[in-house]
Amino acid sequence: MLYDPTRHEALDPRPWDEARARAAIADIVAGTEARFDAGSYWPLHPLDREGDGPDMVETPLYHGAAGVVWALHYLQDCGAVRLSRDYLAGVGHLLAANRGWLDAQGLAGERASWLMGDTPILMMALAREPGDTRHTQALHERIAGNIEHPARELMWGAPGTLLAALFLHERSGDPSWAALFRATADTLWRQLAWSEEHGCAYWTQELYGRRSSYLDAVHGFIAAAVPLIRGRHLLDDDRWEEWRRCIASTVRRTADLEGTQANWRPQLFGTQREADKKLLQFCHGAPGFVICLAGFPGEELDDLLLAAGETVWAAGPLAKGSNLCHGTGGNGYALLVLYQRTGDPRWLERARAFAMHGIHQVERDAAHYGQGRYSLWTGDPGFAIYLWDCLRAEADFPTLDVFQR
């Protein structure tokens, strides 16, 4: 079996209900707004607490206040909700608070990080004040300074700031962002390693004090596919063709197949213990591959993407809750991507079935813990965006496929 069934739970059979989905979005946003505190932002969820020490004020885009602010305003910009206050008015204080968080974690040198650092907060500030050259200059410095980052992954490394450069170019048309995009892509190309054993290219990641060979959508190879595919018009034709062949080859040669299903191991050269976990979630496994390859041109990989979707559906919702990174919402996005890519309505039906189950998980977990989980990638606001995408039958994974409306 390509996945561990103990990490999943039986699908709640309740039918798709548009009114219930809209009500769930409204409830999540209202509950999130009600728990806001100007000094400490949002309370830490028990599942995010580390150790027995005092609670940190969590601020990053991934799991903290920056992500919640982004999610709330994104939902308002989409027309899904109307907020009771302007959370972006305090983006300058949020930037300072996040720098304090990085310093407290011993990560002062990681301010460029896409999911943990200054970069996305500066982008929110720039969107609010487009003429502020300080934000533009700071972003140039962050992205340029991250090109050689040894992590080579989305959270901390150059693939994350490659995505930021692309979003900034799309927003402004400024050729300097395109130049940073090309410089980053060229460096990542030079840093590729070759596996004779597997017959494909990969990166090593210097991450958390060890060297890894992750393939996944947060810490691995496939995360870089998102900006490379979307920004291929900024590359010359020959370089994009090299990237296209490289991505397709690594995806195909690292796939694990069983009947009509497919999944991917966390690392190319990981331990057997790690492989035995048989993870199937956005951050490790088939869902992340489908989402990151949503825009891959042509039909070359469609057989694998469809097989990956069958694995996600067969496994059922994740037991870790409704969230995007390692929960039912993230896996549901893979099903929604396949509907967008194929037009086959069964994938939309499946995505919406995961949405209804996720609503149940949000309610169940809130009752159990006595609070919501206030974060973008690991909590309720991110899942609310998934519900919105199920309503409109389109797949835009937050801060990966879209940053601003």
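**Exercise 1.** In this predicted model, which residues is Trp377 in contact with, leaving aside neighbours within four places in sequence?

*Solution.* What remains is Leu61, Tyr62, Leu115, Leu154, Val218, Phe282, Asn323, Leu324, Cys325, Phe397, Pro398 and Thr399. Next, zoom out to the largest nonpolar core, which has 137 residues. Trp377 is listed with Trp42, Leu293 and Tyr386 as having the most contacts inside that core. Finally, ask who supplies the core: helix H2 (residues 65-78) gives the largest share, ten residues.

**Exercise 2.** Find the salt-bridge partner of Glu363 and work out which parts the pair ties together.

*Solution.* First, the partner: Glu363 pairs with Arg20, with the closest N and O atoms 3.0 Å apart. Then place both ends. Glu363 sits in helix H14 (residues 345-369) and Arg20 in helix H1 (residues 18-34), so the bridge ties together parts 343 residues apart in sequence.

**Exercise 3.** Glu241 and Arg244 meet in a salt bridge; where do they lie, and is Arg244 buried or exposed?

*Solution.* The N to O distance is 2.8 Å. Both residues lie in helix H9 (residues 237-253), three residues apart, or about one turn of the helix. For Arg244, the relative accessible area is 19%; the cut-off for buried is under 20%, so Arg244 is buried. Glu241, at 28%, is partly exposed.

Note on methods. Residues numbered from 1 in each chain as written. Predicted model: local features only at pLDDT ≥ 70, side-chain atom pairs only at ≥ 80, totals over all residues. Heavy atoms only, no water. Core = buried A, V, L, I, M, F, W, Y, C linked by side-chain atoms within 4.5 Å. Buried < 20%, exposed > 50% of the residue type's maximum accessible area, 1.4 Å probe, protein only. Helix = DSSP H or I, 4+ residues; strand = E, 2+ residues; numbered from the N terminus. Contact = heavy atoms within 4.5 Å. Salt bridge = Lys/Arg side-chain N within 4 Å of Asp/Glu carboxyl O.
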